[in-house]
Each structure stands twice: as C-alpha cells, then as structure tokens.
Amino acid sequence: MRSIIAAICLAVAFAVPALADDAQPPVDPARVAAARDLLEVTGVTRQMDGMVEAMSRGFAKGAGAENSEAGKQLSTQFDSGMKKLLEYKDQMISDCAVLYAQTFTAEEMKTVADFYRSGAGAKFIAKTPELMQKGATIGMKYSEKIADEMKAATQPSQPATPSDQPTPAQPK
C-alpha cells in the first residue's frame, strides 16, 4: 500500500508535463529546438525509462506481487500501463519541449544547457539519478508514515489489557 501511494504520486508528477494545453498558439521553432537541446542535455529521455522502471518495482512491492497472485496480476497490469506510457515518450518529449519553449526564451534555455555541459552542471546531471533514488527513499519513508497513521486512524480502539493497567501502590 505504501509503495502504491508513492508510485501514484510519481506517476502524477511524471504525467503532468504531458498534459500541456494543446490550444496554445504556435511556438517559435528556435525556442522548441533550444528546449529539445535542454531536455537532451539534462537527460530527460533517459530518466523517463529509469523512472518507469523504478515505479514498476515500487508498485510491485506495494501490491505484494511477491506474496499473492492478486498482487502479481496488479503488478502485471501496472507494468503494461507503464510500457504503454513509454510508447508515447517521443510525444511527451515534444509536448515538454513546447511547454519549455512557451516558458523560456531560446537564449535562456541555451544558457541553462551550457551550464549543464559545464563541469559543475555535468556533475549535477551525473549525480541526479542517485539523488533521485535517495530522495525517493526519503519520500517512501514519509509515505509509509502517512499510511501507518491512516491505518491506525481507521482501526478501532483496543480496550486496555490487564498488563496495560497501572498497578496500585502497595501499602507499606
């Protein structure tokens, strides 16, 4: 359950750029080209594959795929959906490029891309997958905490057992 919550949150965050408003006016092709370059240098395309893989693993764990047939079936369905999502990767990249192009000038994106090609920027890109994985672990920790709190809030109170009752003080 905990991993399911985290996987859903990641799926929503991952899908939002693909929901860019298609009714926007055409964008300058130079801006779109600069956006595509920025997306390439930052490794967005490679990260999509890794994110989908991580989400599938997290979902399988949360669904209990190792312990139940129902969990295996849910995990298989989720994996199928994620593979289907990746079939749209090029379109999502294009939509994201348009989104960036609507937000930044070509010069701004070139400046950012140049930074990511520099020593510090390249190191940042190289370390990002590791940081994302560790960040996901932090997110999972708090997702588990929320799930535990929600579970505790929905369970009926247990009456105190005799061992939970304080013992009266013994007279001297």
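At what angle do helix 6 and helix 7 pack, and how far apart are their axes? The tour below works towards that pairing through a predicted model.

**Stop 1: helix 6**

Select residues 106–117, which form helix 6. This helix has twelve residues and reaches 16 Å from its first C-alpha to its last, close to the 16 Å expected at 1.5 Å a residue. Next, highlight Met109, Ala113 and Tyr116, the buried residues of helix 6. They lie on the same side of helix 6, because the arc they cover around the axis is only 55 degrees.

**Stop 2: helix 7**

Proceed to helix 7, whose 36 residues should span 52 Å at 1.5 Å a residue; the end C-alpha atoms are 52 Å apart, so the two values agree. Centre the view on Thr128, where helix 7 bends by about 40 degrees. A proline, Pro129, follows within four residues. Then colour the buried residues of this helix: Gly121, Ile125, Thr128, Ser143 and Ala147.

**Stop 3: where helix 6 meets helix 7**

Show both helices together. Helix 6 and helix 7 pack at an angle of about 80 degrees, and their axes are 4 Å apart. The two helices are therefore roughly perpendicular to each other. On the helix 6 side, select Phe115, Tyr116 and Arg117, which make the contact with Gly119, Ala120, Gly121, Ala122, Phe124 and Ile125 of helix 7.

**Stop 4**

Turn now to helix 2, which has 13 residues and reaches 18 Å from its first C-alpha to its last, close to the 18 Å expected at 1.5 Å a residue. Its buried residues are Val32, Ala34, Ala35, Leu38, Leu39 and Val41. The cover over them includes helix 3 (44–63), helix 5, helix 6 and helix 7.

Within helix 2, select Glu40. Is this residue buried or partly exposed? Glu40 counts as partly exposed, because its relative accessibility is 48%. Not counting residues up to four places away in sequence, Glu40 touches Thr45 and Arg46. Finally, draw a line from Glu40 to Ala113: the two are 73 residues apart in sequence, yet 9.0 Å apart in space, C-alpha to C-alpha.

Technical notes:
Residues are numbered from 1 along each chain as its sequence is written. This is a predicted model: local features need pLDDT of at least 70, side-chain atom pairs count only at pLDDT 80 or more; totals for chains, interfaces and linings use all residues. Side-chain values use heavy atoms; hydrogens and water are left out. The expected span of a helix is 1.5 Å times one less than its number of residues. Buried means under 20% relative accessible area, exposed over 50%, partly exposed in between (1.4 Å probe, protein chains only). The arc is that of the directions from the helix axis to the C-beta atoms. The bend at a residue is the angle between axes fitted to the seven residues ending there and the seven starting there. Axes are lines fitted to C-alpha atoms, for helices over the stretch in contact, and angles run from 0 to 180 degrees between N-to-C directions. Angles under 35 degrees count as roughly parallel, over 145 as roughly antiparallel, 65 to 115 as roughly perpendicular and the rest as oblique. Contact means heavy atoms within 4.5 Å.
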